[in-house]
Amino acid sequence: MSKSTRVLTGITTSGIPHLGNYAGAIRPAIEASQQPSNDAFFFMADYHALIKCDDPERVAQSRLAIAATWLAAGLDPERVTFYRQSDIPEIPELNWLLSCMTAKGLMNRAHAYKAAQDHNESRGVELDEGISMGLFSYPVLMAADILMFNAQQVPVGRDQIQHIEMARDIAQRFNHHYGQGKEFFVLPQALIAEHVATLPGLDGRKMSKSYDNTIPLFEGGSAALKQAVMRIVTDSKQPGEAKDPDSTMLTQLYAAFAQPDQLAAFRAALQDGIAWGEAKQQLYQLLENLLAPMREEYERLMQQPQEIEDILQEGARKARAEAQPLMARLREAVGLRSPRQTTSTQGSTQHKAAKARFVSFKEGDWFKFRLLDAQGEELLCSEPFSDPRAAGLAQKHLRERGAQDVQTVEQQAQILIEGRCIAQFPTSRLAAVQAALASL
Ligand code: TRP
């Protein structure tokens, strides 16, 4: 395998993607996935969506729209492992192991949680009002997303940098506590593409669904795109008046999608006094040229949900093939071991010995037992005993002395203890029974 760097990112499926999502996450991630040196994992963070959105229809619609968006934007599911978080049961499992290694104090410092508290404080209500445990421990789930696949680089918006740092903290703590020299988790790094600024929204604040100031990406077609661009807030400078290119969001938005020479021309036009309406028209045209072909593919995919589902199921299969072995190691590391794993670490002779065994059971008023071989197959079933102690003593006798007294009656081997037949079975099985008893 020549692929080297694991690049992973997720997008929360709580809305319909907007231009800010595209510039801040989708585009840089897809570009990164196209580099031959990268091994990309991209997923829909639909568990995270439940934190922000309790409307099932919106969650369902958004998962579909976001998958279609990434595919339409150029994601190649053949080279990228593209999946939904909720199709990987190992992620919530890891989330719990990490939760138990995460200081509550670390979560207290998370920006999203603090912002929610500050908001409550300013409204004069209980500090924790409306804050779910999901919101509070959001960064742990995000750490699980990242650490599950040992991502080295995580392309995210600047607002997510703190979460990546928390994932590093949590990984370090886990490695340190359980690792004993083994590194379970790679420490991830946030990848902020140099030329990607956080896009301003229509009102100049960061473009965000929660501010309701977004420019749609595909939804509503070119008409909706144009309408949004025309609503961008500007000052009251008149046509012909010089405009400072550095103090309008139009330039920031234009710069995020333009070639250097296009940008230079746009800035010059503003300084020359182009009307705001005309400048917006130029921005719209730049965006429309870029987005129209992708929008067409998006609309096609939205009509073909089964095509999307097949792609995602294949992605989940690839992702789980990686998650399962790591999860098995982690369970082992924290002490969640199955009995089989425990004995298998004790050497092969004991391993076999531990596996042939008696199993006692009750049948009506009677007490009986079976002798099972290493594979769990029944070798013999005892005659009924009227009390459990007698059945136990017979087992003890067999375990300590083997089948000393055996007689054969019509192809049946009978084991006798003090003259009494305690079990009979086909003579062909006698050697196997003797071997199993000897191994006990
Ligand atoms: N929190 C991210 C966002 O809101 C989405 C996300 C969830 C994510 N899990 C992730 C991003 C893991 C990168 C890696 O944008």
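**View 1. Helices H12 and H13.** Gln262, Phe266 and Leu270 of H12 meet Trp276, Ala279, Gln282 and Leu286 of H13 (heavy atoms within 4.5 Å). The model is predicted, with local features needing pLDDT of at least 70 and side-chain atom pairs 80 or more, while totals for chains, interfaces and linings use all residues. Residues are numbered from 1 along each chain, and side-chain values use heavy atoms, without hydrogens or water.

**View 2. The domains.** The domain assignment, automatic or from a database, gives domain 1 (5-197 + 321-331), domain 2 (209-301) and domain 3 (343-439). Between the C-alpha centres of domain 2 and domain 3 the distance is 83 Å.

**View 3. The largest pocket.** Domain 1 and domain 2 both contribute lining residues, so the largest pocket lies between them. Its lining comprises 50 residues, with Lys52, Tyr138, Asp159, Gln160 and Lys206 nearest its centre. Helix H6 supplies the largest share of this lining, six residues.

**View 4. The second largest pocket.** Here 17 residues form the lining, and Asn95, Ser99, Ser137, Tyr138 and Val140 lie nearest the centre. Elements giving two or more residues to it include helix H5 (104-108) and helix H7 (133-136). The largest share, four residues, comes from H4. (A pocket is an open set of points on a 1 Å grid over the protein atoms alone, where a 1.4 Å probe fits, with protein on both sides within 12 Å along at least five of seven lines; lining residues have an atom within 4 Å of a point.)
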